[in-house]
Amino acid sequence: MNSAVSEPALIGIDWGTSSFRAFLIGAEGEVIVRVWSPDGIMQVAGQGFEAVFDRLVGPWLAQAKLPILASGMITSRNGWVETPYAEMPLGASDLAQALVPHEVASGTFIHFVTGASTEHAGGPDVMRGEETQIIGASALGLNEGTFVMPGTHSKWVQATDGKIKDFSTYMTGEVFAVLKEHTILGTLMEDGDFSEESFEMGVTAGLDGGSNLLHNLFHVRTLPLMGKIPKATTADYMSGLLIGAEVAATTRDIEDAGTITIVGRHDLSDRYESALRTAGFKSRRAPDDIVAKGHFLIARAAGLLG
């Protein structure tokens, strides 16, 4: 181990639907070692979560007894331990007070970070895992403004003074996948390299479309049918159309969005960065390991770090 790095103080686990990430975290909140696995909660047969935990985190625990925080869909109804939802506003101390301890067979305790909920006119909204990432952003000075978290279900989060004030979920990624694989819109699509031109064309249509999304989606079929865009770029056009509509909806009531912080994997972040630029917004990227910062801040607020 690098002598310049502090001794391990915490293990943070980000356990989602499709992947598992664990971080060995130092006394200053820095990531010393990270582990990634495709063992997301939907890939673990028979809900054998403890066996996966022992295999991936056990070697660290064999070296030292450390506090453990886990966040993400592992705390959902389909996960290991279902935790309640905390309501807004929500900061590190609030999440620390709501931690749910769970003892595994070895006697080790895992502290599960609860999810978050809010209520809008159309109904409730929930998230699990993203709340820890937003809290982690405050450790890097990103504690104010608008955050977008691209994914199967994109999250748009409003934060003030390091606390989550409100958020909304958009099923953009899942709708894209369903339309591409299971509707007539996908029949003319061909694989090809990413087309920035067709993507931005779609973004512009999505931004300008207002309530006409269901009508404009039919253009995903007619544009390649009439030779207006190549078949190999049709998926990029649809992606842009859906993301553009999402950006239009989420920024409509924001008077001053400032610089929007993008939290997510690089390929989707690239698309959202492009869409926001097309819409006239500035953006910045949050680091990949921002969730580990959140684990650290919540553990410190809970008094788990000694």
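## Second largest pocket

The lining of the second largest pocket divides into six nonpolar, six polar and four charged residues. In this classification Ala, Val, Leu, Ile, Met, Phe, Trp, Tyr, Cys and Pro are nonpolar, Asp, Glu, Lys and Arg are charged, and the others, Gly among them, are polar. A pocket is an open set of points on a 1 Å grid over the protein atoms alone, where a 1.4 Å probe fits, with protein on both sides within 12 Å along at least five of seven lines; lining residues have an atom within 4 Å of a point.

The volume of the second largest pocket is about 320 Å³, a volume being the space filled by probe spheres set on the points, which are joined across faces, edges and corners. Of its 16 lining residues, Gly-151, Gly-173, Phe-176, Arg-265 and Leu-268 are the closest to the centre. Two or more lining residues come from each of α4 (172–182), α8 (234–251) and α9 (266–278); α4 gives the largest share, five residues. Helices (H or I, at least four residues) and strands (E, at least two) are DSSP runs numbered from the N terminus.

## Basis of the model

The model is predicted, and local features need pLDDT of at least 70, side-chain atom pairs pLDDT 80 or more, while totals for chains, interfaces and linings use all residues. Residues are numbered from 1 along each chain as its sequence is written, and side-chain values use heavy atoms, without hydrogens and water.

## Largest pocket

The largest pocket has a volume of about 1200 Å³. Among its 36 lining residues, the closest to the centre are Gly-16, Thr-17, Glu-130, Pro-150 and Gly-151.

At least two lining residues come from each of β1 (8–15), β9 (123–127) and α3 (130–137), and β9 supplies the largest share, three residues. By class, this lining holds 13 nonpolar, 15 polar and eight charged residues.
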